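Please look over the sequence and the structure below before reading on.

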Amino acid sequence: MKKTGFATIGTSKITKRFLNASKECEDFKLVAVYSRDIKKAEMFAEEQGAERFYDSVDALAADIEVEAVYVASPNYMHYEHTMKLLKAGKHVICEKAIASNYREAEEMI
């Protein structure tokens, strides 16, 4: 069975917990990591076994091997990151809250 290519946005403890839990799913494959700090992205990718790392959400969204993304960026960035990824055809798992205000939430409908 083909594995799903995953990426993470964020390098926090909760992201590590998500990735530890993902080891229970044989269809999961971490292929990329994003951080606003490229050095953090590179270190986290190496630590977690990801093939690529980014400091550009646009580049991450354009990566054809990334099929789904776990969004664990700061809350105020969730909407921007989630919408960009959805528009690129990615599946998204987003930490709460997905929107910062009513207008953002309305635009998602």
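The model shown here is a predicted one, and the structure holds eight salt bridges. One of them joins lysine 84 to aspartate 58, whose side chains meet with a nitrogen-to-oxygen distance of 3.1 Å. Lysine 84 belongs to helix α4, which covers residues 78-87, while aspartate 58 belongs to helix α3, which covers residues 57-62, so this pair ties together parts that are 26 residues apart in sequence. Lysine 84 is partly exposed, with a relative accessible area of 30%, and aspartate 58 is likewise partly exposed, with a value of 47%.

A second example can be found within a single helix. Glutamate 107 and arginine 103 both lie in helix α5, where they are four residues apart, or about one turn of the helix, and their side chains meet in a salt bridge with an N to O distance of 2.8 Å. Glutamate 107 is partly exposed, at 43% relative accessible area, and arginine 103 is partly exposed too, at 48%.

Salt bridges may also be joined to one another, as the next group shows. Lys29, Glu51, Arg52, Asp63 and Glu65 are linked in a network of salt bridges. Within this group, glutamate 51 forms a salt bridge with arginine 52, and the closest N and O atoms of the two are 3.1 Å apart. Glutamate 51 has a relative accessible area of 43% and is partly exposed, and arginine 52, at 22%, also counts as partly exposed, because the buried class holds residues under 20%.

Against this background, consider glutamate 95, which lies in the loop between strand β5 (91-94) and helix α5 (102-108). Is this residue buried or exposed, and how far away is the nearest side chain of opposite charge? Glutamate 95 is buried yet has no salt bridge, and the nearest side chain of opposite charge, that of lysine 96, is 8.2 Å away.

Conventions: Residues are numbered from 1 along each chain as its sequence is written. This is a predicted model: local features need pLDDT of at least 70, side-chain atom pairs count only at pLDDT 80 or more; totals for chains, interfaces and linings use all residues. Side-chain values use heavy atoms; hydrogens and water are left out. Helices (H or I, at least four residues) and strands (E, at least two) are DSSP runs, numbered from the N terminus. Buried means under 20% relative accessible area, exposed over 50%, partly exposed in between (1.4 Å probe, protein chains only). Lys and Arg count as positive and Asp and Glu as negative; His and the chain ends are not counted. A salt bridge is a side-chain nitrogen of Lys or Arg within 4 Å of a carboxyl oxygen of Asp or Glu.
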